[in-house]
Amino acid sequence: MKAKASNFVSVDFPSRSANEGFARTVAACFAAQLDPTLDEVNDIKTAVSEAVTNAIVHAYPDTIGKVSMKLRIYEDNGMEIVIRDWGVGIEDVEQAREPMFSTGGEERAGMGFTIMESFMDKLRVRSAPGKGTTVTMRRRISRRAGVK
Amino acid sequence: MAVSCTCDRRSLTAVLSGELDHHGAKQIMEELDRRVEQELPRQLTVDMGAVTFMDSSGIAVLLRAHRRMAQLEGSMSVINVPKQAQRVFRAAGLHRIIKFL
Ligand SMILES: Nc1ncnc2c1ncn2[C@@H]1O[C@H](COP(=O)(O)OP(=O)(O)OP(=O)(O)O)[C@@H](O)[C@H]1O
Ligand SMILES: [Mg+2]
């Protein structure tokens, strides 16, 4: 059963590292409509940071390219986050999702996908070498009775 | 993102503050490297009390410092970890490698 989307927002930005903080702040502000707890907001910020950082670091290693972030809120209090790039793509997605797998050398731990998976209810990664990568995440925000 | 270090009798304390993401991590890594080479400490304490956000970039920073301290046959511990960073470390299983106090 698919719940209906009640609101959405879409932002495009170049793959500059200064936009990592910007993207997670946008996601946190948009998520505020669902009245999340602080932990829930932080989980969303962390997952967004991982996906956007991957687009910035891995998708466009030597160039600046476009990154797009789409956020959707559903009537079942779910939030969907779609982060897309048109960069180098991933050869073997299953391998990329394994904990500690990284092509990023010493500065990366290979834990990004593992963190997205553990902080979100659902994670889907679609990628084609030379075409780009789309990461779709879904997280249900708990409904809190009474407190506003 | 900022790091300030104090060293007392070969015990180095690094206080990190701000947002520890990919955008800020390189500078932290370089500053930690530099101070560790300078002081060759026996003990490194990383104080995360003022870190307002951290993602996997912070894991790589700590792992690198941990490796360097092991080479120096010293030890490293991480203190005052905020809740958000704690959740990231837990998801990554980092407590099996690094000492959190
Ligand atoms: N958007 C992307 N475009 C191209 N390759 C990607 C993309 N996202 C991830 N990858 C590949 O998948 C690997 C695993 O990603 P993951 O985020 O789990 O770890 P990491 O980015 O290497 O390290 P960390 O996230 O811990 O800093 C990357 O090293 C890279 O090879
Ligand atoms: Mg990553």
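Q: Leaving aside neighbours within four places in sequence, which residues are in contact with S68(A)?
A: This is a predicted model in which local features need pLDDT of at least 70, side-chain atom pairs count only at pLDDT 80 or more, and totals for chains, interfaces and linings use all residues; side-chain values rest on heavy atoms, with hydrogens and water left out. Residues are numbered from 1 along each chain as its sequence is written, while chains are lettered from A and ligands numbered from 1 in the order in which they are written. Contact means heavy atoms within 4.5 Å. On that criterion, the partners of S68(A) are V11(A), D12(A), V82(A), I83(A), R84(A) and W86(A).

Q: Is S68(A) buried or exposed?
A: S68(A) belongs to strand β2 (residues 66-74) of chain A, strands being DSSP runs of E of at least two residues and helices runs of H or I of at least four, numbered from the N terminus. Buried means under 20% relative accessible area, exposed over 50%, and partly exposed in between (1.4 Å probe, protein chains only). Because its relative accessible area is 4%, S68(A) is buried.

Q: What area is buried between chain B and chain A?
A: The contact takes 22 residues from chain B and 25 residues from chain A. Buried area is the accessible area (1.4 Å probe) that two parts lose on being put together, summed over both. Carbon and sulfur atoms give 50% of the total, which is about 1900 Å².

Q: How many salt bridges does the rule find across the interface of chain B and chain A?
A: A salt bridge requires a side-chain nitrogen of Lys or Arg within 4 Å of a carboxyl oxygen of Asp or Glu. One such pair is R24(A) with D21(B), at 3.0 Å from N to O. Across the interface of chain B and chain A, the number of salt bridges found is seven.

Q: Which element gives the most to the side of chain B that touches chain A?
A: Four elements of chain B give two or more residues to that side: α1 (22-39), β3 (43-54), α2 (56-71) and α3 (83-92). With seven residues, the element that gives the most is α2(B).

Q: Which chains surround ligand 1?
A: A polar side-chain atom of N54(A) lies 2.8 Å from an oxygen atom of ligand 1. A nitrogen atom of the ligand is 2.9 Å from an N or O atom in the side chain of D85(A), and an oxygen atom is 2.9 Å from a polar backbone atom of F113(A). The site is shared between chains, because the residues that surround ligand 1 come from chains A and B.

Terms used
Near = heavy atom within 4 Å. Polar contact = N/O pair within 3.5 Å; in protein donor to acceptor, adjacent residues only side chain to side chain.
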